[in-house]
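This report describes the strand arrangement of one protein model, beginning with a single strand and widening to the sheet around it.

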Amino acid sequence: MKKLNQESIQGLIPKRKDDSYKGDYGRILVIGGNESMGGAIIMATSAAVNSGAGLVSVATAKTNHIALHARLPEAMVLDWNNRQALAQQVKAASVLVIGPGMGDSKDSLELLKSVLSLVTENQQIVVDGSAITMMAEHQLSTPKAKTIYTPHLGEWERLSHLKPSEQKESLNQTARAELNATVVLKQHRTEVYFEEDVWKNQAGNLAMATGGMGDTLAGMIAGFLAQLENSKSAVLAAVYLHSHIGDNLAKKQYVVLPTHIIEQLPFTLKEFSEN
């Protein structure tokens, strides 16, 4: 495995051009957040916005709309039960995230199937959380879009059919090839599986072991994909900087919350874009 460290991503975060506008920084659609897990979709969407994405929309349960408007006025919000409006937003997006706080109800499954059928090979999609579980349980195929799965070890077992003792580099890479996707395998030292190579993150700490970290990472990956021309660079930069920020915060904090990382994102991106 290659080591993913600060040197690996040096120079990947570009400076913004003087004559740019929001359309230059991608259009993201984040889908998830049922009636009881609205926090997950708020964190994923906040991470995408704070990563610098130009336009971010979120499709979620109607009960989450007021909280989203209050916490994140920069994001546009629609009811995920409005399938006509959702289909229009799917087609307009350059990058999608599906799964954070989505749940695995019958309605969620139908929503997932609908979105997967609509995405095209010209789009990129981050499949996270509940969406991974449903794809594994119902044997759904990887969509046409360039796909990034972001499972934790339990979700990876369901998706790859590999027992924990079998989750080694060679077998993981074989499973990734069968999925025809990039895999960000979240763990103490997150591993990233591409077609041509595998990377192991050197950053991260136990203070980050709290709910919502995965939702935040999914949103960051989407935000970086929307802006960087090279998708591999985008994934690696997001994975490393997510943990890098966490390491810096953990120097003075007993616990690092996902919202803490989100708040620091614009400052860290500014720092890395100038070095």
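Strand β8 (residues 182-185) points Thr182 and Val184 one way and Val183 and Leu185 the other way, and all are buried (under 20% relative accessible area, with exposed over 50% and partly exposed in between, for a 1.4 Å probe and protein chains only). This is a predicted model, in which local features need pLDDT of at least 70, side-chain atom pairs count only at pLDDT 80 or more, and totals for chains, interfaces and linings use all residues. Residues are numbered from 1 along each chain as its sequence is written, and side-chain values use heavy atoms, with hydrogens and water left out.

Strands (E, at least two residues) and helices (H or I, at least four) are DSSP runs numbered from the N terminus; two strands pair if DSSP finds at least two bridges between them.

| Strands | Sense | Bridges |
|---|---|---|
| β5 (residues 95-98), β6 (residues 124-127) | parallel | 4 bridges |
| β7 (residues 146-149), β8 | parallel | 2 bridges |
| β8, β9 (residues 191-193) | antiparallel | 3 bridges |

Thr182 in β8 is the bridge partner of Ile148, while Val184 stands opposite Val192 in β9. A hairpin is formed by β8 and β9, with 5 residues between them.

These strands belong to an open sheet of 10 strands with mixed pairing, in the order β1-β10-β9-β8-β7-β6-β5-β2-β3-β4. Because β1 (2-4) and β4 (76-79) stand at the edges with a single partner strand each, one side of each has no neighbour in the sheet.
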